[in-house]
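Please open the model and keep the sequence beside it. The questions below can then be followed on screen.

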Amino acid sequence: MSLNRRDFLKGAAVSAVAASMAGLSGCGSSGGNSNGEAAPQTKGTQQEAAGKHSWEIIPDPITDIAEQKDYDIVIVGAGPSGCAAAEAAASNGASVAIIEQAAGYTAHGADNGAINTQVHRDEGIEISPEEATKILFNFSQGTANRDLIFTWASRSGEVFDHYSELCAKRDIPSILAISETSKVDWDTLEDQFKEFRTGITFGRADEGVVIDTESFTFIESHIVETLLEEATSQGAESFFNTHAEQLVKEGDTVCGVIAKAEDGTFVQFNASKGVILATGDISGNDEMLACWAPIAQRADVCQYFPPNGNLGEGILMGMWAGAAHSKSPAAPMVHPIAATLPLSALSMSWLAVNSLGERYCCEVPYEPYVTNARMNQPGNKAFSIFDGAYEEKTRAQEPQTADSLLLNAAERIEAGVRSGEMWSADTLEELAKLIDVPAETLIATVDRYNELCASGTDVDFGVPTRFLASVDTPPYYAQPVPAITLTVPFGLHVDKNSQVCTEDDTPIPGLFAVGNTQGDFFGMSYPVTCPGISHGRALTFGTLVGEALAKDQTING
């Protein structure tokens with residue numbers, strides 16, 4: 001799945017492109033099936049095992065090894081978690097190899113979630129790790145591993161302070177998060193909507209999320225490049241354009257990785273202390289999405305990654321080596337991002353209607369509530385409806401950030417209407433015609449919604465009074481509610497030390513998973529209680545696991 005630069009900046013909807021599974025191989029024994037149960041696996045090709053999933057088919061072992069290289073720790077993946085692991089391991093004296101199939105490191109996005117960093121202390125922000133853990137765990141409906149969540153919540157602060165020191169040496173500032181997904185004063189709301197100010201951005205606010213549109217470079221590149229440079233300065237070796245294919249085992253212990261080098265030969269990277277899988281999520285793998293996160297296939301586009309990226313290859317290699325997949329359900333991160341549209345569903349709570357003209361969800365811009373509901377609507381489309389009094393209503397919803405939200409709003413709305421990305425009309429009947437919904441139903445929906453706004457209590461969907469915004473002042477506006485996939489976390493089953501486990505919860509010696517290859521951290525859907533937590537847990541566990549392995553320890557004793 002991919003999105004070009006123009007589409008990224010416009011937030012346009014494009015069709016998902018099927019991900020190719022060609023060329024994947026690996027080794028292993030038993031794993032689990034789509035129901036989480038132990039499943040027998042078959043050696044050979046998919047053609048020889050029709051009806052089985054790719055993770056249930058163990059390819060033949062690779063034997064034509066051209067070269068072997070010896071290291072303490074081998075890391076597969078040069079994204080935030082892999083580079084963090086490399087920096088920590090190398091800085092603690094381990095010899096490290098980083099294997100990456102792309103031509104360079106991967107860094108998308110902007111925000112990195114952590115609790116009680118020096119940046120927070122400087123801003124007078126204090127967050128309870130216990131409270132954050134409670135809400136995150138409950139959001140998973142009890143399916144996630146609480147120990148993993150609390151490890152991030154209680155230790156990310158010290159880890160991020162280290163990152164800030166490394167960045168400061170390179171004149172890269174550490175600041176509070178810059179994206180609209182990090183709300184300013186939502187920590188006072190009830191747990192259902194609460195957001196802590198966890199997000200940290202490494203870079204300058206004026207750089208924006210995309211710092212170079214031509215090269216499609218995100219501000220996240222600052223911290224990832226910093227970690228990779230630091231790891232390299234401590235002796236870590238990077239092998240780009242090198243595709244990890246199989247894990248190597250001696251008995252039950254994982255002791256290396258076989259990878260295809262750029263010249264097509266196979267190299268065996270031996271790891272005396274352990275292998276860390278940091279290969280990302282499953283958003284580019286239609287087979288895995290259909291099995292574990294079918295709702296994500298109804299998103300408009302997967303935003304960040306090029307074709308053949310994020311195919312869940314760490315899961316494949318791990319399960320072929322006897323690992324189980326995550327015991328908690330996949331947690332798609334699907335946001336209503338439309339970068340060129342002002343006052344969109346990403347930041348504002350406007351009346352949401354589906355293609356039938358009916359209201360369908362709680363519109364508070366807590367992203368999963370908006371996008372998950374939209375993706376289950378008739379025709380998989382919906383609209384945000386607001387009116388000519390948008391400035392007043394924006395200030396009522398977001399008093400602390402209204403100025404930035406309203407900056408050039410009138411001009412941007414006019415441009416959106418002119419370009420056809422949104423619609424405007426003097427009557428609801430006209431608006432209904434423009435967006436092709438039944439006028440009678442839309443008017444009835446607006447009347448009901450306005451009654452709830454007047455009463456101050458939304459008995460239908462539970463939008464808090466602060467976020468109710470009546471639709472009663474012409475002109476009337478409509479925008480599409482987008483659903484943009486950023487990532488789909490669903491990895492390998494791990495214990496509290498991020499050590500990969502079998503279906504019966506037995507840790508596999510020598511095998512660890514971090515970032516979105518680490519399962520059991522999220523469940524059901526991606527929470528935004530702690531903005532930036534996807535990157536935050538990736539970086540935190542990368543550092544903790546890398547350091548612990550280098551010291552022959554585990555992160556939780």
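This is a predicted model: local features need pLDDT of at least 70, side-chain atom pairs count only at pLDDT 80 or more; totals for chains, interfaces and linings use all residues.

Colleague: How many helices and strands does the protein have?

Modeller: Both are DSSP runs numbered from the N terminus: helices are H or I over at least four residues, strands are E over at least two. The protein has 15 helices and 24 strands.

Colleague: What is the radius of gyration of the protein?

Modeller: The globule rule (2.2 Å times the number of residues to the power 0.38, while the radius is taken over C-alpha atoms) gives 24 Å for 557 residues. The protein is close to that value, so it is as compact as a globular protein of that length. Along the principal axes, its C-alpha trace spans about 70 × 55 × 40 Å. The radius of gyration itself is 24 Å.

Colleague: What percentage of the residues in the protein is buried?

Modeller: Buried means under 20% relative accessible area, exposed means over 50%, and partly exposed lies in between (1.4 Å probe, protein chains only). Of the 557 residues in the protein, the buried ones make up 60%.

Colleague: Among contacts between residues at least 6 apart in sequence, what percentage joins residues at least 24 apart?

Modeller: A contact means heavy atoms within 4.5 Å. Among the contacts in question, the part that joins residues at least 24 apart is 74%.

Colleague: Which residue in β24 is the bridge partner of Val-275?

Modeller: Strands pair if DSSP finds at least two bridges between them. Strand β15 (residues 266-277), in which 10 of 12 residues are buried, pairs in the parallel sense with β5 (residues 65-76) over 10 bridges, and in the antiparallel sense with β14 (residues 253-260) over 5 bridges. Asn-270 in β15 stands opposite Asp-70, and Val-267 in β15 stands opposite Ala-259. β15 also runs parallel to β24 (residues 507-513), joined by 3 bridges, and there the partner of Val-275 is Leu-511.

Colleague: Which residue takes a positive phi in the hairpin of β14 and β15?

Modeller: This hairpin has 5 residues between its strands. The phi in question is near 90°, and the residue is Gly-264.

Colleague: Which strands are the edge strands of the open sheet of 3 strands?

Modeller: The order in this open sheet is β7-β9-β8, with antiparallel pairing. An edge strand pairs on one side only, and this holds for β7 (112-113) and β8 (174-176).

Colleague: At about what angle does helix α5 run to β9?

Modeller: β9 (residues 199-202) pairs with β8 over 3 bridges, and Thr-201 in β9 is the bridge partner of Ile-175. Axes are lines fitted to C-alpha atoms, for helices over the stretch in contact, and angles between N-to-C directions run from 0 to 180 degrees. Helix α5 (residues 146-168) lies across β7, β8 and β9, and its angle to β9 is about 15°.

Colleague: Is Glu-367 buried or exposed?

Modeller: Glu-367 lies in helix α9 (residues 367-374). Beyond four places away in sequence, Glu-367 touches several residues, among them Lys-183, His-335 and Val-528. Its relative accessible area is 0%, so Glu-367 is buried.

Colleague: How many aromatic pairs are there, and is the pair of Trp-350 and Phe-386 stacked or edge-to-face?

Modeller: Rings of Phe, Tyr and Trp (its six-membered ring) pair if their centres lie within 6.5 Å; planes under 30 degrees apart count as stacked, over 60 as edge-to-face, and the rest as tilted. The count by this rule is 21 aromatic pairs. Trp-350 and Phe-386 have ring centres 5.0 Å apart and planes at 20°, so the pair is stacked.

Colleague: How many residues apart in sequence are the parts that Trp-350 and Phe-386 tie together?

Modeller: Both Trp-350 and Phe-386 are buried. Trp-350 lies in the loop between β17 and β18 (351-354) and Phe-386 in strand β19 (residues 382-387), so the distance in sequence between the parts is 36 residues.

Technical notes. Residues are numbered from 1 along each chain as its sequence is written. Side-chain values use heavy atoms; hydrogens and water are left out.
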